[in-house]
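This briefing is intended for a reader who has the sequence and the coordinates at hand. Please consult the entry shown here before turning to the notes.

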Amino acid sequence: MPREIAFAGVLVPGLFPVFVVSLLLMWLLDTLLGHSGVYRHVWHPPLFRLALFGGLFGLAGLLLLH
Amino acid sequence: MAAVPEDMAVSSRRPRFAEALAGEGRAWLFVGKSVLASCLAAWLAMWLHLEQPSTTMITVAIVMHPHSGMVLAKSFYRAIGTVIGSLGGLALLCLFPQQRELFLFSMSLWVALCAGGAMLYRNFMAYGFVLAGYTAAIVALPVVSHPLDVFDSALMRVSEVLLGVFVAGVVSDAVFPERLRDLLRQSARGQFARFIDFARDSTGGAIPRAEMEQAYLRFVRSAVQLEDLRASVIFEDPEVRVRSARMRLLNQHYMAASTSFQSLHHLINRLQRGGRGAVADALIALYRPLGAALSPAPESRHDPAVLAPRLRACADALPAQADALRAGLPDEPARLEFDTGAVLLRRFAGEILSFTELEAALRKGRVHGNVERVHFRRGNDRAGAAITVLRTFLTMSTLSVFWVVTGWPFGASAMLLATVFSGLFAAAPNPFASTFEMLLGYALGMASAVLVLFWLLPGSDGFAMLAVTIAPFLMIGAYLNTRPRWVSVAGGYAIGFVYLLALKNPMAYDPVRSFNDGLAQLAGVALTGVAFVFVPSVIGSGWQRARQMRRLRQQVVEAATAPLQGLTWRFESVSRDLFQQVVAHTRAGSEESRGLLGWALAVHECGRALIELRTGARDAVLPAPVRAAVAAATAAVAALFDAPDAVRWNRADEAVAGAIEACTRDGAAGLALHPYLHQLRGALRDDASPMAAYLPTAPTEPSHAS
């Protein structure tokens, strides 16, 4: 994947769409985890969510742009 | 009620001191988090080479709130508003790059429309609208003289704002979060316990009207507050989001149950006043098992899992008990009256059972399957929104004209601030006072900024020194923010300080620019206040109260005419929301407040009875004349509530009596509608309700004899 992509004539960093897609994925995952009650067994849910998102975004970014 | 003193007794060993200390601890935690978020945002913005780190810091200053759910909700809508607003600003400047008059006109219109849109929504959705308005101004105004730069400006502002939103969200949610969810749980449990207690303690029968009114006020308030809280907590807690549909349904059951409960007690009160003690006693006897079902061992009184099976058994046994009690009544009219009450009681039992079962399911933890999707509808005031549009438009165009005519180099700053504050204050109950306090805070913030800018900062070196220098000043704003009395001042202070400081990398020191800009900003804030004098806020004015009152009464018209699908939920929530809006601006216990309560109770009772009547008529097989008589009664009651007077009261009373007669002639199918019609008639003839003003005084004629 290129570092920068042209979006309607504007150069956008390639990480941006990855970020948006990870956000959507995170939202989906968040709902699923909330449904299954996983968050009850987590010490600090917000931190867990943040870390999960960080992992997701980092992984996707590294895999796609490296 | 009994549970509260026990809890207090345990923790009141060292009463005030510990409490104050805990409050102070929370405040300082918030101060720490705010300063951390601001500095982090500034550092990140500089590291990313954003043009104006100050925009990021302002965003943090505006978004920060002690509860993380509030921050996330605010951030979510802020992000959406920012994106839409910058697109709007971009579009406007592209449309009129050379015509400043047209541009300023359309910009004023855009901002005004956004401010008006904010009035039609509650919570932070309104905030999103305000944001969409002023982001357009932030994006377009600074580059109005070089339109070619507008795209970069838009991109920069969006990046800066989104960065600020992100930092504020992460810091407040991940660093010692103070969860709004606990507050939601606490108030939901409180709501449940209070309602159950009230239903149990009124087994004795009649509740005095004044007490009933107060209870009603509490019920309405808690229903609306719970909905407000829920709307914010869903951002904070994925589990709450999963249960969101159920919590909405729970609130609806609660509202439905409280309406039925009140209707029942009004009915009993009316029977007792009307000298029909035997019927009233029979109804109270029928109510007693419900009270018994609500009274398990004291420790499980508020445990829905214990209450639900007991209530179910009680609801199942109700029809048989009703038949037994009915047989004991002397004559046919008394039996009809008893039926009216028994139908209400059955409805109430069914609703309190659904309420309890749903609460039990929610407390048990994991939820399965889907539930009916219901929404808490709001009663919005379109004329109020129109006035906001007008006022904002006038403010903005006055400033535009002044700017164009004088060629004021800092006109953009003044306009920007006017945009921000006319949006933020449109919904405030006392906008003039708030703007004044904000102005004070703003001036203080600017003074601090000048102090920092020309005395402290030039001697400091590196980001660490910068953070150390500005932290104490940021702390002042954040600490004031935790004191309800000073919130407006704090808001002005935080924005004024950060805005005039205009942190940049590398830092630019330009006293002339700073003072000119500061003066223009103050002028913008002040003009917003002035605009509120000329086009006063309608929130809470007598005019708006009267109109909302009218809309509340028109809910009955709605109940009589709207399609039946989902009507009950809509009726219960809109009427409560309207009532809550009106009553918030009347003094408790005043004549006006009492009158309002009376009307609200009448609206609830008649509206629900009409809906039940219409549902019953729809499901039954009725001959055409009966159907027509019922429809005429519905229309006549609606007309009465639309514009109450003695003539319409007469017509409604006659139409209801006609429908009762028609149903009696029809036999079995028509008899099923009797209870609703009787309830309607009772409510119309209630001499303790606002209907008393229209009642004919004929029957008790020889009053001069006494």
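The notes below cover salt bridges, helix packing and a surface patch.

This is a predicted model, in which local features need pLDDT of at least 70, side-chain atom pairs count only at pLDDT 80 or more, and totals for chains, interfaces and linings use all residues. Residues are numbered from 1 along each chain as its sequence is written, chains are lettered from A and ligands numbered from 1 in the order in which they are written, and side-chain values use heavy atoms, with hydrogens and water left out.

**Salt bridges**

- Over all chains, the search finds 18 salt bridges (a side-chain nitrogen of Lys or Arg within 4 Å of a carboxyl oxygen of Asp or Glu).
- One of them joins B:Arg200 to B:Asp197, with the closest N and O atoms 2.3 Å apart. These two residues are three positions apart in helix α8 (residues 180-201) of chain B, and are therefore separated by about one helical turn. Helices are DSSP runs of H or I with at least four residues, numbered from the N terminus.
- B:Arg200 is buried at a relative accessible area of 9%, and B:Asp197 is buried at 5% (buried means under 20% relative accessible area, exposed over 50%, partly exposed in between, with a 1.4 Å probe and protein chains only).
- B:Glu605 forms a salt bridge with B:Arg270, the closest N and O atoms being 3.0 Å apart. This pair links helix α23 (residues 591-619) of chain B, which holds B:Glu605, with helix α11 of chain B, which holds B:Arg270, across 335 residues. Both B:Glu605 and B:Arg270 are buried.
- B:Glu612 and B:Arg347 meet in a salt bridge at 3.8 Å, N to O. Because B:Glu612 lies in helix α23 and B:Arg347 in helix α14 of chain B, the pair ties together parts 265 residues apart in sequence.
- A network of salt bridges links B:Arg347, B:Glu351, B:Glu572, B:Arg608 and B:Glu612.

**Helix packing in chain B**

- Helix α11 (residues 244-273) and helix α14 (residues 332-364) pack at about 155°, with axes 8 Å apart. Axes are lines fitted to C-alpha atoms over the stretch in contact, and angles run from 0 to 180 degrees between N-to-C directions.
- α11(B) and α14(B) are therefore roughly antiparallel (an angle over 145 degrees).

**Surface of chain A**

- A:Leu24 is placed in helix α1 (residues 15-36) and is exposed, with a relative accessible area of 56%.

Conventions
Angles under 35 degrees count as roughly parallel, over 145 as roughly antiparallel, 65 to 115 as roughly perpendicular and the rest as oblique.
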